[in-house]
Amino acid sequence: MSPNGQAEPRDPHADGRPRMRAVVGSTRVEEEIFGRVFDGKVVRRLWTFVAPYKGRVRIAVGAVLVFTLSQLLIPLLIRYAIDYGMAPGAPGWLLAGIVALFALVIAVNYGASLLQERITGQVAENVLFDIRRKMFGHLQHVSLTFMDQTEVGRLMSRLQGDVNSMQEFLETSVQSVGDIALLIGIVAVMLWLDWQLALLVLMVLPILLVVRVLWLARARSAFMAAHEANSVTNGALSEAIHGVRAIQATRREGLNAELYAELTERTWRSQLRASRLAQVMIPIVDTLTGIAMAVVVVAGGLMVVSGRIEVGAMVAFLFYIQRFFDPIRSLTMQYSVMQRAMASGHRLTEVLDVEVDVEDAPDAVALGPQDDASVEFRGVTFGYDPAHPVLKDVSFSVASGERVALVGPTGSGKSSSISLIHRFYDVQDGSVRVGGHDVRDVTQESLGRHIAMVLQEPYLFTGTVMENIRYSSHWASDTDVTEAAKAVGAHDFVEAMPLGYDTLLDERGSNLSLGQRQLLSFARALAADARILVLDEATANIDSYTELQIQKALQKLLEGRTGLVIAHRLATIRNADRIVVLQQGVKIEEGDHDALMARQGLYSKLFTLNHASFDDIAEDLDEEERKVAT
Amino acid sequence: MTRHQEAAADTRMEFRRTAAVDRQAGLGAIARITRMCFRYPWRAGLAMAATLPAVCMQLAIPVILGRAVDQTLAMDSDDPDLRALTLIALTLLVVSILRGVFTLVQNYAAESVGHALAKDLREAIYDKIQRLPFSFHDRTHSGDLITVGMLDLEGVRMYFSTALVRTLLLTLLIGIGAVMLLRTDAILGLLALSFVPFAAWRSSVMQLTLRRTWLILQEKLGVLSQKMEENLAGIRVVRAFAAQDHEMARFDASSREALEYSHQRIDVRVRSTSAMTLAFFAAMGLVLLYGGRQVAAGEITVGTLATFLTFMTILQMPVRQLGLMVNGYARASTCGSRLFQLMDAPVEIADVGGARDLEITEGTLRLDNVGFAYREQGAGPVVSGISFEARRGETIGILGAPGAGKTSLMQLLPRFYDVTEGAITIDGQDIRDVTLSSVRQAVAIVQQDSFLFTTSIENNIAYASPFADDRRIRGVADSAQLHDYVLGLPQQYSTVVGERGVSLSGGQRQRLSIARTLMAEPAVLIFDDSTAAIDAGTESRIRAALRDHGKGCVTLIVAHRLASLKHADRILFMQDGRIVEHGTHAELLALGGRYKALHDLQMNPEPDVLEQEASR
């Protein structure tokens, strides 16, 4: 690059012709919505979640069958009432008796429906929460490599969308048992009433099935198109809301509105198409119902006249005809539900199967007060991708109570080192020892208690200030928390907030400034009261006043503790007992400030350039070295 | 900025709350949505018009069936009147087909009214949101706007088909049906209709309860998903504190609460639906008992009884869904009033009548005794008594502690907010008197938060000038020290960034934001603390590259690093909304005031200096 920044790259597309580079919203790559109808592996996995509720599921299925039976009985009872109870000369008690029976049947129907719907709904809901809990719990332990590579949004859609479609599947599955029973029941009763008339009527059934299947394929693509168009449009709206300040600053309001109108147009068209397809089934079903009823009127009527069947049977036929389209409709719907559930189930299984690669050893011991607060790297080699280690044979140690600064250019492996102390990852070679134990031999829980960690980006949770500082240190009293806040100089601004320590923080603490968030994360580490403090100093350039506060807080935080700090600031480095200099995963220098200055190596170069931040110069230096090399 | 954000946080709930409670506004909203539906008179008219024949066909079926039964019973077994029977069957078939067709027309026309309304409202909402001033967006939570644009829109869209047309349908169906039945046999008719009031009441109560509890459940699930999301995004913190058990406990608490609530809802639903079914069948039993006696006594025919029974089955579904209609109104009233609240929000910053475009001649920016206060809660002025002038080619540095009013001042220049006192002029023209668009073309700002649109890097850079050529885009990217980084990406300038694309670091985002602003060739160029995440080395290279850009305009730089400012022609030191020191770097050092103190602090950050500074 030329120094004045005017160097022009060669670009094959630069033909000088202006083209509009403007879009709103983005076409998202939708995940597979429909899978195979039946996936044995998924179903088996799902069953492990349903199994604990086996007893209740049995009751629900039983209740569905009773419910279906009672529904089948109702037209039959009407038939008997007409044919026998109302027959001329029939005794009055006969009709009353049949109606009493009717009352009994509807009472059973009521009970069964109550039981079935409640159990199904609750079990499905329980299973949903169980699956979600299992997944969430699993994600707490899976390898950080997986978490680094997976977007949070993607995991959230596993935990929400996919889990919900499993619930829908479970709920409708029990319903399907009822639908199938009802369909079989209606056919059986009709055949029993009069098999010839039944066969005539049932001729419409295959027609309906064929039409329905043909329709389903088209309707589904139309529904999906509408759904997708809608989500793209909504995506564009959400972008406009979040980016409104940038939009107004760049005066894109007018153009964006035009582009958005194209999206709404597309959504509108696809929704109309979906709506047409949804409605078109109505006249088809009505026509088929009409045909079936007409058949009963003519053929059934003649049969009644000829005395082959009674008029009550004809009425019962008419009732059944009006019922048997319902189960067919919900069964074909169930087909889509199952496909969707299998696709979701497959993705859920994938998450549940992600390996947990850092686990407590079976004979892991707990680090406790008896162990010292030392940290040691013994010939550590480590890479996220084993073929490309980011740390190569690194050895250094931090004695109890000592303060060591890790220094080095971006990409030198500083952050990876501190991840290893906490056993976020396991080393490839060598060992990391804390308190004299290999971190692989101690429990992760006790390691977490032994070490407090402050990450570069302060991360706060929704909740009160008090909850955030205490976090998982449940042993800390309210006084401990306020003491910690006072020690790092956060107390004053916390007290100045409307509700003090009970003030609710917004998402990620967005109602606080960066410096304030940093101080709170210091307070959190202090409240944890661990013997070793590992800290990744923030690189962000904050104003000097806040900077000053943070520096002071840092000193407080390190008091009486073993400290390992990834340092960027001169002041922090100067305060360390010893400095370890890393470059490209290799330890190149180690010693106190004077010794390193005397060595005239990388550290002294970094120091002599005397910028406010160590990383910055490192980049400059790299560049200078590159220039020298070329 | 912080104070301002706090004020915004306190008022942001207002938008949500007020809409939900106001009954008057709800009724007004329903009336307004109804009027809007008839902006599509053909479709709306068709939907309404098709309802009557659809209902009539629906009601004809039980009558025809009853006739068929009676005809059958009346026929002579030796000489069956096949013609009469066939005629009835054919009528039945034709009526069934017509019922289907009219229902299709009615449903489709009704839904198309909804879709058309949604399309127009979507565009209006989008346009409105884009034009509402910063102050509106400060006090409105973005999540609430998304709710309006997506969920509330849906509530309004469904109004015509689920509420209005359904009301007509149910009125006609129950009304005409009742007249028919009661005229045939008053007592039997009353028995057949006896389940209607109970089912209608139960269904309405159920839907309203479900709706109310649904909102609460969503809130509980929202809390749960927020906890999950935070946990996953902050997984390193969780693991650093070995807080997995703590997190599971938090999860379980929220999860259990949502689950229990959800079970209650199932209960409400199940009880009501089962009770409605029972009521229906009980009415049927009564019709059977009483009607059966009538038949036995020869008062009515079997066909008439069949008519009554079939009519009941036809009426059952619509009556059970009456709650959906009630819900349709309830939903439209809350959704509608929230939506209209947004649509009616005043656009306070807009062109005055007959405003002309800003004319740039000398390119001189002038602030005259400028003061500004955020209106919320009568907060005091954040900026006051600011006067200065800057000419083309000049660079002004602005400095001060957080909360000194630097950002607020900068946001006045592109007229993101209007001054509450004094005036800002460019070449003698008050920026409030010329068109907004021309002001924002002339005043370009790199904002503190750099927003990335989900599109390619080149589209992001060319955001303000979509017709720019590649050469120019690469040029500004180079000036912003972004070019080399982009070349290293798999798809270079076509790489999609933003929410669903490659994520950029804070520094890269800021550099992209700088490149985007450099595209504008403005008269006034503002950098509002826009290099905070960029390291000092890169920043100095950007500064060098910008020297050419700076010649044609006034440059204003807000920064914390003195190195970023010390070459400025003039430096303004702000405190509590006022300029307390100004001059060149050398002058200010000589002055020995606050600037000097800050300078010492940054140049020599030794612990002892820190101590001294702290005690100052």
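1. Two strands pair if DSSP finds at least two bridges between them. Keep that in mind for the sheets below. The model is predicted.

2. Start with a pair of strands in chain A. Strand 11 (residues 578-583) of chain A pairs with strand 12 (residues 586-591) of chain A over five bridges. The sense of the pairing is antiparallel. For a landmark, find Val580(A), which stands opposite Glu590(A) in strand 12 of chain A.

3. What do strand 11 and strand 12 of chain A form? They form a hairpin, with two residues between the strands. Look at Gln584(A) in the turn: its phi is positive, about 45 degrees.

4. Now step back to the whole of chain A. Its domain assignment gives domain 1 (31-352) and domain 2 (375-629). Taken over C-alpha atoms, the centres of domain 1 and domain 2 of chain A are separated by 56 Å.

5. Two helices of chain A deserve a look. Two packed helices are described by the angle between their axes and the distance between the axes. Helix 3 (residues 92-139) of chain A packs with helix 11 (residues 325-352) of chain A at an angle of about 35 degrees. Their axes are 9 Å apart.

6. Which residues make that contact? Helix 3 of chain A supplies Ile131(A), Lys134(A), Met135(A) and His138(A). Helix 11 of chain A supplies Leu348(A), Val351(A) and Leu352(A). By class, this contact has five nonpolar, one polar and one charged residues.

7. Turn to chain B. UniProt, in an unreviewed entry, places the feature "domain: ABC transmembrane type-1" at residues 46-331 of chain B. Over residues 46-331, chain B is 92% helix and 0% strand. The end C-alpha atoms of that stretch are 24 Å apart.

8. Chain B also has an open sheet of four strands, in the order 2-1-4-5, with antiparallel pairing. The edge strands are strand 2 (383-390) and strand 5 (429-430) of chain B, and each pairs on one side only. Strand 1 (residues 365-372) of chain B runs antiparallel to strand 2 of chain B, and five bridges join them. Here Arg366(B) has Glu389(B), in strand 2 of chain B, as its bridge partner.

9. Last, the two chains together. How many residues of chain B are in contact with chain A? There are 138, and they meet 141 residues of chain A. Helix 5 (residues 82-131) of chain B gives the largest share of the chain B side, 27 residues. By class, the side of chain B that touches chain A has 70 nonpolar, 40 polar and 28 charged residues.

Technical notes:
Residues numbered from 1 in each chain as written. Chains lettered and ligands numbered in written order. Predicted model: local features only at pLDDT ≥ 70, side-chain atom pairs only at ≥ 80, totals over all residues. Contact = placed C-beta atoms within 7 Å. Nonpolar A, V, L, I, M, F, W, Y, C, P; charged D, E, K, R; others polar. UniProt positions renumbered as here; feature names shortened; annotations may be inferred. Axes fitted to C-alpha atoms, helices over the stretch in contact; angles between N-to-C directions. Domains from an automatic or database assignment.
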